[in-house]
Amino acid sequence: MRIAVAGGTGWTGRLVVDALRAGGDEPVVLARSAGVDLTTGAGLAERLEGVQAVIDVSNIVTTRTKPAVGFFQAATANLLAAGRRAGVGHHVALSIVGVDRVGLGYYLGKRRQEELVLNGPVPGTVLRATQFHEFAAQMLARTGPLVLTPRLLAQPVALGEVALHLVDLAHGRPLGLAPELAGPEERLQMPDMVRRLKRVLGDRRPVLPVRMPGAAGRAMTGGSLLPAHPGPRGTVTFQQWLATRHPARQQQPAPAERAHEARDGR
Ligand SMILES: NC(=O)c1ccc[n+]([C@@H]2O[C@H](COP(=O)([O-])OP(=O)(O)OC[C@H]3O[C@@H](n4cnc5c(N)ncnc54)[C@H](OP(=O)(O)O)[C@@H]3O)[C@@H](O)[C@H]2O)c1
C-alpha cells in the first residue's frame, strides 16, 4: 500500500517508515523537512496523491495548552481535509493512554486530535499507547546541565513494537478508538528509567525529576497513565531494551536495526 506518515522523520515516524518498507509498502513522508507543513497544509495535496492510508505520528514538544491544542487542531484538520479530497481510506493517529484522565496542556492537544479523527471525514483509528522505552532517551537527548524528567508512573513499551502495530492497524479496517497498547506488565517510574539508561550510556548529568503542577501531576504519579483496559501488550521489557543501548548510539538506533530489534528482543 501507499501509506503517508505524518511526522515520518521523528522518533516514531522513522520506525514506522522502516516497518512499512520492510513489509513491502510504499511510505510517503509528510514533514517540514520533506516540504510539507501540516499546520498550514502547504504541500499536502501533492504528497497525498494516490495515498490509501495515513499514519499520523507528528508532534509538537510542549507542555503548554495553547501551542499543543493549536498544533494538533490545525495539523489534524488539515490532514483530514486533504485526505478526504485525495480519497484516503483510513486515517490512523497515535495517541497516549490516559490522555482522557490527565489535564496536562499537551494532553488537551492530544484530546483535540482524537476528537477530530473520531468524528472526521476520513474513516479513522486512534491508537493510545503508553510511554515508550525511548521516552527515557528523549529526555537524555535534550541538551542542558540537568536532565529534566517528569515524575510519572508508566508501563512502557518498545517503540519498535508501537510502529509495527500502527502499520498493522493501517492495513486493517478503521476501528475508531482501538484497544490500548502497553508494554509488558512491569510498572516503572520515569526518573528511574532515565537513570538506568544514563548509566548504560555513561551520561554523567544529574536527573532532576519534575512533578507537574496540581491535579495533572497527582494523576501522572498516581497511575492515571497506566492502561485501564485490556488490549495488545508488547513483549520487550525495559531491561531487554536497555541491553540494546550503547554509548555510541545515544540518539536513535541505526535504520536497518530499528523496525525489527524490538520484535527480535535484541
Ligand atoms: N513519547 C512517548 O512516550 C509517546 C507515547 C505515546 C504516544 N506518543 C505520541 O507519539 C507521537 C510521535 O512522537 P515523537 O516523539 O515520535 O515525535 P517527534 O520525534 O517529536 O517527531 C515529530 C515529527 O513531526 C514533524 N512535524 C512537527 N511539526 C510539523 C509541521 N508543522 N509540519 C509537518 N511536520 C511536522 C517533525 O518533522 P519536521 O521537524 O521535519 O517537520 C517530526 O517528523 C506524538 O503524537 C506523541 O503524542 C508519544
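Biologist: Why is Gln113 called buried?

Modeller: Gln113 has a relative accessible area of 1%. Buried means under 20% relative accessible area, exposed over 50%, and partly exposed in between (1.4 Å probe, protein chains only), so Gln113 counts as buried. A word on the source: this is a predicted model, where local features need pLDDT of at least 70 and side-chain atom pairs count only at pLDDT 80 or more, while totals for chains, interfaces and linings use all residues. Residues are numbered from 1 along each chain as its sequence is written, and side-chain values use heavy atoms, with hydrogens and water left out.

Biologist: Where is Gln113 placed, and what does Gln113 touch?

Modeller: Gln113 sits in helix H4; helices (H or I, at least four residues) and strands (E, at least two) are DSSP runs, numbered from the N terminus. Not counting residues up to four places away in sequence, Gln113 touches Asp56, Phe72, Thr76, Ala93 and Leu94. Contact here means heavy atoms within 4.5 Å.

Biologist: What makes H3 roughly parallel to H4?

Modeller: Helix H3 (residues 65–86) and helix H4 (residues 105–118) pack at an angle of about 20 degrees, with their axes 7 Å apart. Angles under 35 degrees count as roughly parallel, over 145 as roughly antiparallel, 65 to 115 as roughly perpendicular and the rest as oblique, so H3 is roughly parallel to H4. The contact includes Phe72 and Thr76 of H3 and Gln113 of H4. As for the axes, they are lines fitted to C-alpha atoms, for helices over the stretch in contact, and angles run from 0 to 180 degrees between N-to-C directions.

Biologist: What is the handedness of the crossing of H3 and H4?

Modeller: The crossing of H3 and H4 is right-handed. A crossing is left-handed if the near helix is turned anticlockwise from the far one by less than a right angle, and right-handed if clockwise.

Biologist: Why is H1 called oblique to H6?

Modeller: The axes of helix H1 (residues 11–22) and H6 cross at roughly 55 degrees and come within 9 Å. That angle makes H1 oblique to H6. H1 passes H6 in a right-handed crossing, and among the residues that meet there are Leu15 and Val16 in H1 and Ala163 in H6.

Biologist: Is Ala163 buried or exposed?

Modeller: Ala163, found in helix H6, counts as buried because its relative accessibility is 1%. Leaving aside its neighbours within four places in sequence, Ala163 is in contact with Leu15 and Val16. Ala163 and Leu15 are 148 residues apart in sequence, yet 5.9 Å apart in space, C-alpha to C-alpha.

Biologist: Why does Leu175 count as partly exposed?

Modeller: Its relative accessibility is 37%, so Leu175 falls in the partly exposed class. Leu175 lies in the loop between helix H6 (159–171) and strand S8 (176–177). With Thr125, the separation is 50 residues in sequence and 5.1 Å in space, C-alpha to C-alpha.

Biologist: How do you know that the buried residues of H7 line one face of the helix?

Modeller: The buried residues of H7 are Met190, Pro191, Met193, Val194, Leu197, Lys198 and Leu201. Seen down the axis of H7, they fall within an arc of 155 degrees, so they line one face. The arc is that of the directions from the helix axis to the C-beta atoms. These buried residues pack against several elements, including helix H5 (134–141) and strand S10 (207–210).

Biologist: And why are H5 and H7 called roughly perpendicular?

Modeller: H5 and H7 pack at an angle of about 70 degrees, with their axes 9 Å apart. H5 and H7 are therefore roughly perpendicular to each other. Among the residues making the contact are Phe135 and Met139 of H5 and Met193 and Leu197 of H7.

Biologist: What puts the buried residues of H8 on the same side?

Modeller: In helix H8 (residues 214–221), Ala216, Gly217, Ala219 and Met220 are buried. They cover an arc of only 165 degrees around the axis, which puts them on the same side of H8. On the other side of H8, Ala215 and Arg218 are exposed. The buried residues of H8 pack against H4 and strand S7 (153–154).
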